[in-house]
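Please examine the sequence and the coordinates before reading each solution.

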Amino acid sequence: MAIGIIGDTERKPLAFDKLGAIVAALAAYGALLAPFATFKANRIVQGETRAIWEALPPLLGYGLIALVTVAAVIALLRTPLTVRMASALAVLVALCFLAGAAADNLTPPDNAYARVSPASGFWILLFAFALLVADALTRLNPGPVVRLLFLAAVLALVGGMLFAGVWDGLSILKEYASRADTFWAEAGRHLTLALGSLAAATVVGLPLGILCHRVDRLRNSVLGVLNAIQTIPSIALFGILIAPLGWIAAYVPGAAAIGIRGIGVAPAFVALFLYSLLPVVANTVVGLAGVPRAANDAARGLGMTDWQRLATVEFPLAFPVILTAIRIVLVQNIGLATIAALIGGGGFGVFVFQGIGQTAMDLVLLGAVPTVVLAFAAAIVLDALIEMAASDRSQGRAA
Amino acid sequence: MIEFDHITKRYDDTEVVSDVSLTVEPHTVTVVVGTSGSGKTTLLRMVNRLVEPTSGMIRIDGEDNRSVPEFELRRRIGYAIQGHGLFPHRTVAENIATVPTLLGWENARIKAKVEQLLTLFQLDPDFFGARYPHELSGGQQQRVGVARALAAEPNLLLMDEPFGALDPIIRAKAQDDLLAIQKHFGTTIILVTHDMEEAFRLADKIAVMDKGEVLQYATPAEMLVRPATPFVEALIGSSERPFRLLAIETAGDAVEPGGAEGEPIPATLSQRDALSELLWSGRAALPVAAADGAVIGKVSLAGLVKRAARPE
């Protein structure tokens, strides 16, 4: 694919790139028409918007516009993938730095109430060039290890900027500064909910999936029930769980002592666990069903016991499909765990719902941004793992 | 020796194998031929108990095959199937090592065995050992499948349409290799196929099955000369009969005294191929050479034509 693109470039040096046209249009709108930052006198009043040249000192502002223009032209024309990637990355890094610079520039000295946050123009530019990076990455088609390194580099860069205080002037970090302790406690609870329910779903779902694979009659009923659970809205499921868990807390000795009650972490955990079961069980069944018949027949004919066949033939061959389920569940749980805050389960949702309650969007972002980053990073890591698991267990033509 | 003793297999109301009794002599190749649905595969799978008979008994060297646990029985019996059934996530060497590993052989012994078998099947162990099955051609996969079946040196090898997925040229080569291997190890082979050509090529004895019954169990020559039923006759193919008859014996068996003009043909060539040489070269006779190259006589068109005629 890449070779074809280079060939095209040589033939028609001024050909346009379709995605590049969209990126360039978004960039023009984001840089020139949409506001770059929002300034608020305090955290809950309506803000006033500022364009790039108003939000930043002149040198930085016009510098950013020039950089965006160059990168948009590179995106628009059919240029080598590495050039596109480098220019888009340069814009993204500049955006990140300048968001912090805008905050420092706009905040009056010694004013602890003023809030500066990135506005639509910033987000549009960020989205446009992230799209370009994603497109270039897809077309370069790097191996799983390279993708993991890329993710690590991006996270390290973001972490470095946070640590260096580049964004300290931004409203989201001001919200963080006043809640640093609870933030990490809720982050821990969020991860415990998402990963713990995944672990529980894997421990229960794998054997259940294997059982469903072996026993035809069980398969339809189990998958039917799990499907039905999946259709219950999460808030309704929390509600449904309050009564039985409350009963257990009241009447089963020791249950309350280990934290089981009608509201709080227990129903959130149980709900996430129930939602996770369907993907794990269904993919285990699909993965096992995808094992070539001949390989299974040969395994029996060569004298493997049922356990040996499961452990050394069926499971390894189904593993990439099961890993896909775990990826789905992990990303889904990281998002869903946000809802747990509604019933006192904690997690990043606490900030989201507090922020909604106080109409403080910055506080909402403090809950939402880490959730998105976590989910995104989890997806990339597991995709890479799936690819590594599948590459040396390449699906043979056995039938 | 494998004895099928009044074997019947019923699924619900359908009888797929009906009261089959036959005895397979040790160190021979027995081919079970039949159309699809004739019960031949079911019969084969009852030997290593992938299918349990409804009634009757199968004895291997005089011992009921139900006297040991299934998995132990199967580890003693080689098993090769159509589409090879190699494990796609394991290398060629690991695939071949399957049964020795199950039996707990020492690593050095397994490694030596894998190398010996790969060499025997004309696959370079250094090159192929570490490959995955999908990197091999169909013919190579099939050879690995048979090598895996033979890894624990079984006395008995069951093969279910092992060459069904191969193209004709590779199939002929695979059949020759199988016969060479069978001579080498002295393995008793029961092979199931729907291909009569394959049956005549490989078999010491052929069992023809239809609708769950064995219609005839005989040597190829006997089956040609005296087909038991019209079905057997149809299966053999009436236009093929003289050629099949010639294909059974070698040119050495048809040698007449005297000499002839032309390039000598080897004595191990089948009479059918000798006839084909004669017809193609346009000669009435060709000299026959022994393995050392010495001419031992001639085969003549007239002599072969007489041999191809229906014996009285």
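**Exercise 1. Describe the surroundings of A:Asp17, beginning with the polar contact of its side chain.**

Step 1. The side chain of A:Asp17 reaches the backbone nitrogen of A:Gly20 at 2.8 Å. A polar contact is a pair of N or O atoms within 3.5 Å; within protein, one must be able to donate a hydrogen and the other to accept it, and residues adjacent in sequence count only if both atoms are side-chain atoms.

Step 2. The model is predicted: local features need pLDDT of at least 70, side-chain atom pairs count only at pLDDT 80 or more, and totals for chains, interfaces and linings use all residues. Residues are numbered from 1 along each chain as its sequence is written, chains are lettered from A and ligands numbered from 1 in the order in which they are written, and side-chain values use heavy atoms, with hydrogens and water left out.

Step 3. A:Asp17 belongs to the loop between helix 1 (2-11) and helix 2 (18-33) of chain A. Helices (H or I, at least four residues) and strands (E, at least two) are DSSP runs, numbered from the N terminus.

Step 4. A:Asp17 counts as buried because its relative accessibility is 8%; buried means under 20% relative accessible area, exposed over 50%, and partly exposed in between (1.4 Å probe, protein chains only).

Step 5. With neighbours within four places in sequence left aside, A:Asp17 is in contact (heavy atoms within 4.5 Å) with A:Ala75, A:Leu76, A:Leu77, A:Arg78, A:Arg84 and A:Arg139.

**Exercise 2. Work out the strand order of the four-stranded open sheet in chain B.**

Step 1. The order is 2-1-4-5, and the pairing is antiparallel. Two strands pair if DSSP finds at least two bridges between them.

Step 2. Strand 2 and strand 5 (63-64) of chain B each have a single partner strand, so one side of each is left without a neighbour in the sheet.

Step 3. Strand 1 (residues 2-11) and strand 4 (residues 55-60) of chain B pair in the antiparallel sense over five bridges. Opposite B:Glu3 stands B:Arg59, in strand 4 of chain B.

**Exercise 3. Which residues line the largest cavity, and which elements supply the lining of the second largest pocket?**

Step 1. On a 1 Å grid over the protein atoms alone, a cavity is a set of points where a 1.4 Å probe fits but cannot get out, and a pocket is an open set with protein on both sides within 12 Å along at least five of seven lines; lining residues have an atom within 4 Å of a point. Grid points are joined across faces, edges and corners, and a volume is the space filled by probe spheres set on the points.

Step 2. The whole structure contains two cavities of 30 Å³ or more. The volume of the largest cavity is about 50 Å³, and its lining consists of B:Phe121, B:Gln142, B:Arg143, B:Val146, B:Phe163, B:Ala174, B:Asp177 and B:Leu178. Helix 7 (138-150) and helix 8 (168-185) of chain B give two or more residues each to this lining.

Step 3. The second largest pocket has a volume of about 730 Å³. Of its 23 lining residues, B:Leu179, B:Phe200, B:Arg201, B:Ala247 and B:Ser270 are the closest to its centre.

Step 4. Helix 8, helix 9 (196-202), helix 12 (241-248) and helix 13 (271-281) of chain B each supply at least two residues of the pocket lining; the largest share, five residues, comes from helix 8 of chain B.
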